Number of protein chains: 2
Amino acid sequence: MTQPRYDVIAIGNAIVDVIANTDDEFIAEEQLTKGGMQLVDEQRADALYSAMGPAREISGGSAANTLAGMSMLGRQCAFIGQVADDQLGQVFAHDIRATGIDFDVAARAGEPATARCLIFVTPDAERTMNTFLGASQFLPADLIDSDAIQSAGILYLEGYLWDPEEPRAAMRRAIEHAKAAGRKVAFTLSDAFVIDRYRDDFISLINDGLIDIMFANEVEISSLAQIEDFEEAVAAISAKVPLLVVTRSEKGAIAVKDGTRHEVAAEPVEKLVDTTGAGDLFAAGFLAGLSEGREIDACLKMGAICAAEVISHYGARPEADIKALVAEAL
Amino acid sequence: MTQPRYDVIAIGNAIVDVIANTDDEFIAEEQLTKGGMQLVDEQRADALYSAMGPAREISGGSAANTLAGMSMLGRQCAFIGQVADDQLGQVFAHDIRATGIDFDVAARAGEPATARCLIFVTPDAERTMNTFLGASQFLPADLIDSDAIQSAGILYLEGYLWDPEEPRAAMRRAIEHAKAAGRKVAFTLSDAFVIDRYRDDFISLINDGLIDIMFANEVEISSLAQIEDFEEAVAAISAKVPLLVVTRSEKGAIAVKDGTRHEVAAEPVEKLVDTTGAGDLFAAGFLAGLSEGREIDACLKMGAICAAEVISHYGARPEADIKALVAEAL
């Protein structure tokens with residue numbers, strides 16, 4: 001088995017976030033599901049954009065955000081995702097490459113446009129997301145080959161991308177290649193609504209022993225296990241997943257590795273601005289620690305530090321020098 | 001004379017800012033003029049973008065930023081500027097309309113793309129700008145008619161836009177219409193390098209009594225007057241301009257109205273992040289005060305408050321509720 005070139009290769013949505021402040025009345029009026037992610041078609045995206053206040057555009061995408069954090073922490077990463085041949089596609093590709101991540105999927109010509117996520121941030125810093133998947137959903141499954149997947153120690157998959165058919169096929173293929181090459185498979189559940197749509201798929205992957213590392217939040221783990229009680233839900237899933245990491249917002253996070261439970265408190269945040277990317281950056285810190293061969297407690301601490309950084313400003317990519325923050329703390 | 005519908009109508013560049021952090025070594029290596037604005041062609045813009053770190057996109061343009069601030073302060077504004085029919089053009093148009101500004105210039109089909117300004121922010125929060133004017137330079141002069149200019153109490157012009165030929169013609173035509181209708185003409189000098197290129201034009205405008213209100217910073221006023229001493233430069237220009245406003249960064253700002261000098265201290269800023277838009281937002285606060293019929297000292301205070309807000313975060317459009325900040329202070 002060759003030594004992997006990358007710590008992590010991820011398959012995810014290639015999205016540019018469009019972030020604006022709003023109030024709770026707007027969320028209610030537009031019948032948005034506060035705190036959740038909703039898929040929207042282009043027409044609905046345009047209508048929502050028209051109703052949206054002045055915005056900022058910052059590259060996003062759950063798995064891409066995680067890689068951005070890992071790369072800033074010094075890890076080697078590669079990203080697989082589909083942009084269109086348009087200005088937002090150029091923005092996404094620029095930002096991910098500028099962060100030091102290898103990204104060589106060619107832009108897709110013609111319609112639809114590059115994916116965008118309209119993010120409404122309420123005064124409580126909660127984000128409500130409306131995603132137009134655009135080109136992202138046309139990631140061709142045949143792009144995924146054994147060499148690419150074998151090139152990384154960990155294959156990281158984004159639950160959000162389970163919705164569109166082609167990327168789902170791409171991810172299934174990637175899992176096969178990873179397992180055949182003796183690589184680890186990490187999966188982030190992304191969203192309770194995604195779990196509602198694909199619970200059977202996700203449970204099958206787990207039961208088949210295809211998931212080595214799973215990331216979730218409290219709502220997601222309960223939804224997946226269909227058990228309301230947090231501890232019971234964690235017990236049920238961690239019995240089948242070698243390493244389970246569950247984030248709990250201001251309550252910190254836990255990890256259960258081979259039956260042993262670890263816990264970390266949330267890092268203090270001076271001013272909570274926008275919770276977008278909290279889970280993504282927790283995963284970034286955790287996986288970076290894991291790739292460095294650190295103990296689980298240190299990995300959790302790194303996750304907490306990165307999550308705290310990203311919720312202190314708009315956008316889901318780190319702004320501060322998270323490597324320095326981690327070095328200071330550990 | 002009909003009552004104007006708008007407080008201000010502005011002609012300016014329709015630009016999306018692309019903002020990234022960098023260090024002083026990068027500025028030196030790329031031979032950029034720190035603190036200045038340089039015009040670049042598309043090839044150079046692409047090369048600089050490739051070398052740029054991960055960025056955020058926020059609508060900009062000097063006069064457009066000023067209107068954004070004024071609109072947030074409750075004033076009625078209209079903007080004239082040219083975007084291309086592309087995604088960044090949509091971003092610019094969305095953001096300016098979402099701020100409550102009337103903007104009905106049709107997007108221009110075909111090449112070049114919407115203007116973008118690559119802004120490198122160094123650790124001292126100074127911004128170094130590289131502007132690809134793109135579609136912005138093709139603002140057609142015949143778009144400017146008497147009705148439009150007559151619709152506002154103040155015509156606001158951006159010195160940056162004096163560079164390209166068509167918008168320069170548009171601005172000259174706008175000045176004629178404004179003067180014929182008895183409207184005020186406000187002009188912002190924008191940049192010392194722009195003044196170097198067009199000093200004779202600007203001096204002629206002043207000598208011909210066509211400028212009622214002028215905005216400048218310390219460097220610009222000295223450059224325009226070709227007098228190194230600040231007070232002497234101010235005296236020379238204010239002798240010919242009824243209302244001169246000069247911003248002085250941390251030293252605050254002064255205004256000279258009909259020979260009487262007024263002064264304001266800079267507002268304290270908790271954390272200086274990015275000085276982009278400081279002058280634009282000072283002008284916003286000042287002109288909003290003027291439109292409300294306030295005394296010059298109050299106008300200066302409003303300018304200082306708005307400038308302080310915009311330099312406390314990335315991007316040249318206000319994020320905080322500047323109307324509330326002003327109400328609290330005055």
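Ten strands line up in one open sheet, in the order β3(A)-β7(A)-β6(A)-β2(A)-β4(A)-β4(B)-β2(B)-β6(B)-β7(B)-β3(B). The pairing in this sheet is mixed. The model is a predicted one. Strands of a sheet pair through backbone hydrogen bonds, either parallel or antiparallel.

Start at the ends of the row. The edge strands are β3 (37-39) of chain A and β3 (37-39) of chain B, and each of them pairs on one side only. From one strand to the next, the twist averages 25 degrees. A helix also lies against the sheet. Helix α4 (residues 87-98) of chain A packs on it and touches β2 (15-21), β4 and β6 (115-121) of chain A, together with β4 of chain B. The direction of this helix makes about 50 degrees with that of β4(A).

Now look at where the two chains meet in the row. Strand β4 (residues 56-59) of chain A pairs with β4(B) in the antiparallel sense, over three bridges. Across this pairing, A:Ile58 stands opposite B:Arg56. Further along in chain B, strand β6 (residues 115-121) is joined to strand β7 (residues 127-132) by six bridges. These two strands run antiparallel. Here B:Arg116 stands opposite B:Phe132 in β7(B).

How many residues of chain B are in contact with chain A? There are 19, and they meet 19 residues of chain A. Two elements of chain B give two or more residues to this side: β4 (56-59) and α4 (87-98). Helix α4(B) gives the most, with six residues. By class, the residues on this side of chain B are eight nonpolar, six polar and five charged.

How are the two chains related? Two copies of a chain are related by a rotation about an axis and a shift along it. Chain B can be laid on chain A by a turn of 180 degrees and a shift of 0.0 Å along the axis, with an RMSD of 0.0 Å. That is the relation of a two-fold axis. In chain B, the C-alpha nearest the axis belongs to B:Glu57, at 2.4 Å from it. The same surface serves both copies, and 100% of the contact residues of chain B recur in chain A.

Chain B takes part in another sheet. Eight strands form this open sheet, in the order β5-β1-β8-β9-β10-β11-β12-β13 (chain B), with mixed pairing. Strands β5 (77-80) and β13 (260-264) of chain B stand at the edges, each with a single partner strand, so one side of each has no neighbour in the sheet. Neighbouring strands here are turned by 15 degrees against each other on average, direction ignored. Helix α8 (residues 218-225) of chain B packs on this sheet and touches β10 (213-217) and β11 (243-247) of chain B. Its direction makes about 110 degrees with that of β10(B). Within the sheet, strand β1 (residues 6-11) and strand β8 (residues 152-158) of chain B run parallel and are joined by five bridges. One pair to find is B:Ala10 with its bridge partner in β8(B), B:Tyr156.

Next come the helices. Two packed helices are described by the angle between their axes and the distance between the axes. Helix α10 (residues 278-291) of chain B packs against α11(B) at an angle of about 145 degrees, with the axes 7 Å apart. Their crossing is right-handed. Among the residues in this contact are B:Leu281, B:Phe282 and B:Gly285 of α10(B), and B:Met302, B:Gly303 and B:Cys306 of α11(B). The contact has 17 nonpolar, three polar and one charged residues.

Helix α11 (residues 296-310) of chain B also packs with helix α12 (residues 322-329) of chain B, at an angle of about 135 degrees and with the axes 10 Å apart. That makes α11(B) oblique to α12(B). The crossing of α11(B) and α12(B) is right-handed. B:Lys301, B:Met302, B:Ile305, B:Cys306 and B:Glu309 in α11(B) meet B:Ile322, B:Leu325, B:Val326 and B:Ala329 in α12(B). This contact has seven nonpolar, no polar and two charged residues.

Finish with some backbone details. The peptide bond from A:Glu111 to A:Pro112 is cis, with omega near -10 degrees. A:Pro112 sits in the loop between α4 and β6 of chain A. In chain B, a cis peptide bond joins B:Glu111 and B:Pro112, with omega about -5 degrees. A:Gln226 is not a glycine, yet has a positive phi of about 55 degrees. A:Gln226 lies in the loop between α8 (218-225) and α9 (230-238) of chain A.

Definitions and conventions
Residues numbered from 1 in each chain as written. Chains lettered and ligands numbered in written order. Predicted model: local features only at pLDDT ≥ 70, side-chain atom pairs only at ≥ 80, totals over all residues. Pairing = 2+ DSSP bridges. Helix = DSSP H or I, 4+ residues; strand = E, 2+ residues; numbered from the N terminus. Axes fitted to C-alpha atoms, helices over the stretch in contact; angles between N-to-C directions. Contact = placed C-beta atoms within 7 Å. Nonpolar A, V, L, I, M, F, W, Y, C, P; charged D, E, K, R; others polar. Parallel < 35°, antiparallel > 145°, perpendicular 65-115°, else oblique. Left-handed = near helix turned anticlockwise from the far one by under 90°. Least-squares fit on C-alpha atoms with pLDDT ≥ 70 in both.
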